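These are my notebook entries on one structure. I set down what I looked up, entry by entry.

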Amino acid sequence: NILGLGNKEAEAIILDVTSKVYQKRLSEAFQGGDLEMADSKAAFLQNLCEELYFDPQKASQIHEVSDMSILFQEIYRKKLQQCVSDGELDESDVAALLKVRVMLCIPQQTVDAAHSDICGSLFEKAVKDAISAGVDGYDADVKNAVRKAAHGLRLTREAAMSIASKAVSAHYSYFVPMVRKVFLNYVKRSRSADNRTESARELKKLIAFNTLVVTELVADIKGESSDTPSEEPAKEEVKEVDEDDEWESLQTLRKIKPNKELNAKLGKPGQTEITLKDDLSERDRMDLYKTYLLYCLTGEVTRIPFGAQITTKKDDSEYVLLNQLGGILGLTSEETVEVHRSLAEQAFRQQAEVILADGQLTKARMEQLNELQKNVGLPGPYAQKIIKSITTTKMAAAIETAIGQGRLNIKQIRELKESGVDLDNMISESLRENLFKKTVDEIFSSGTGEFDEEEVYDKIPADLKVNPQKAKGVVHDLARTRLSNSLVQAVALLRQRNRQGAVSSLNDLLACDKAVPSEPLSWEVPEELADLFGVYAQSNPAPEKLSRLQYLLNISDSVAAAAKEMGHGAVSVGAEEEKFVF
């Protein structure tokens, strides 16, 4: 009160001074041995608090957050480091550490953190040494070092498997990053290999590393015996493969199933708890699996001088290694089946395209394809789908070539459609439009003078899947062009004394006029138009055609009558060139 301090200020000063005195008295008691000799550590601390009029709860907070707490933690850590200097903790070490913990009132959480840090660093070194030893270096000494580190340091299984990595939430997160890094190095070397054989060899080293090092390492950390093979994963794997019975016919898929004889030959299968599922994309993992599957199918290729090569076939044991590779890559049964299916379809398609080179599917060829299907093991519906695809593609190419060369008309197109051929997808839209234009052009040059609007405007566009409005525009453009050309051609043929050709050209003119009605036509020599009319009149045309031609050639009734007579006379003197009337 004299100093003018408030209650809070005074209490803060008292707490600060008392705390320092408490820490000093406690440190002296620990160093002098008084704390250790006390029958009850809790009673000793309680008496100390009473002497100093110090709140026990405040004293407890000092043990947790104050500088004294940090000091006690350092004391415990140094004691732990001394105990593990020989690489393990024996019973006396454990007892000594427990005594220090009790005397200093160190929380369990702090103790666990110290053990994870100090013991974990020793364990990390042992694991790194084991992994860096590789396939050949993982001998009994390295193996014992890992077991000693895992069990001699009194680490729990969970602590041993998850000490240093917080990024991966798994029991094996401690050494998983290191193992994955080695796995990825093998993958990198496989991808950079010069050929498929070298690539497969690197993947084979990956499988061996997993089986001989990682699998043993996992077993040592878990405290399991690596001499007794585990059958459960194999049974589970068989169940997964059997789930898709549709693909049971695939030879390569059946070969990757666990086989007691091959397993006995190859030894214990590798672990599948540490995989590359999170390190590589699904596409990359399936490509790596496919690389080794092709190696199993084709064997090992060795190149010799002068450009030759020798292929060495592999036995079915390679398929067991392929199954182990699928586990390392983290592939599901569905993804594995997909790789085998795509490769089987590829093999079947390549050989089927040779058999169906011309697109013709005969009985003998169908028997060949059935035999090929059995050899590959491809299910029937998928084989039929590929066969249909090949024949359709070949047929489409043949149809497009025929259309381009003018060997296919609308009548044949209709026959193909009636036979079930899907021409809409086989023939491109532009080619169908060209075929329509060509068909209409043939109608306008057929020499019959007929033009069926329903056929041209409705049926043919429907058969060729051509837009009706667009088709109508094409017809009108062609009709206008062909109409004037037909007149010129008719006069030219008449001058050449080709009466039949002239009549055909006039019929073409009438067909174009039916599509696009025309005004009367003009010509420099009207007499030639009269001669054309006379020639046409002598061909016994239908009255309506003759009448329409008279209108188009702008011929009067009197001239038409004279032209008929002239045309008749021209026929009678047709053999005498000097009397022919133009």
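**Entry: a loop residue.** I looked up Asn-467 and found it in the loop between helix H24 (453-464) and H25. Helices here are DSSP runs of H or I with at least four residues, numbered from the N terminus. The model is a predicted one, in which local features need pLDDT of at least 70 and side-chain atom pairs count only at pLDDT 80 or more, while totals for chains, interfaces and linings use all residues. Residues are numbered from 1 along each chain as its sequence is written, and side-chain values use heavy atoms, with hydrogens and water left out.

Asn-467 counts as partly exposed, at 43% relative accessibility. I note the scale: buried is under 20% relative accessible area, exposed is over 50%, and partly exposed is in between, with a 1.4 Å probe and protein chains only. The side chain of Asn-467 reaches the backbone nitrogen of Lys-470 at 3.0 Å. I also checked Asn-467 against Glu-433: they are 34 residues apart in sequence, and their C-alpha atoms are 8.9 Å apart in space.

**Entry: helix H19.** I recorded H19 as residues 363-376, 14 residues in number. From first C-alpha to last, H19 reaches 20 Å, close to the 20 Å expected at 1.5 Å a residue; the expected span is 1.5 Å times one less than the number of residues. Which residues of H19 are buried? They are Met-366, Leu-369, Leu-372, Gln-373 and Val-376. They lie on the same side of H19 because they cover an arc of only 120° around the axis, the arc being that of the directions from the helix axis to the C-beta atoms. An α-helix has 3.6 residues a turn, so residues three or four places apart point the same way. The face turned away from the buried side of H19 carries the exposed residues Lys-363, Lys-374 and Asn-375. After H19 comes Gly-377, with a positive phi near 85°.

**Entry: salt bridges.** How many salt bridges does the structure hold? I noted 21, a salt bridge being a side-chain nitrogen of Lys or Arg within 4 Å of a carboxyl oxygen of Asp or Glu. Side chains of opposite charge can pair when their charged atoms come close.

I first examined Glu-345 and Arg-341, whose side chains meet in a salt bridge at 2.8 Å, N to O. Both lie in helix H18 (residues 333-355), four residues apart, about one turn of the helix. Are Glu-345 and Arg-341 buried or exposed? Both are buried.

I then turned to Glu-528 and Arg-495, which form a salt bridge with their closest N and O atoms 2.8 Å apart. This pair links distant parts of the chain, with Glu-528 in helix H27 (residues 526-537) and Arg-495 in helix H25 (residues 468-495), 33 residues apart. Glu-528 is buried at 8% relative accessible area, whereas Arg-495 is partly exposed at 45%.

Next I looked up Asp-513 and Arg-548, whose salt bridge has an N to O distance of 2.6 Å. Asp-513 lies in helix H26 (residues 499-515) and Arg-548 in helix H28 (residues 543-552), so the pair ties together parts that are 35 residues apart in sequence. Asp-513 is buried, with a relative accessible area of 5%, and Arg-548 is partly exposed at 27%.

Finally, I noted that a network of salt bridges links Arg-180, Asp-278 and Asp-279.

Technical notes
Helix = DSSP H or I, 4+ residues; strand = E, 2+ residues; numbered from the N terminus. Polar contact = N/O pair within 3.5 Å; in protein donor to acceptor, adjacent residues only side chain to side chain.
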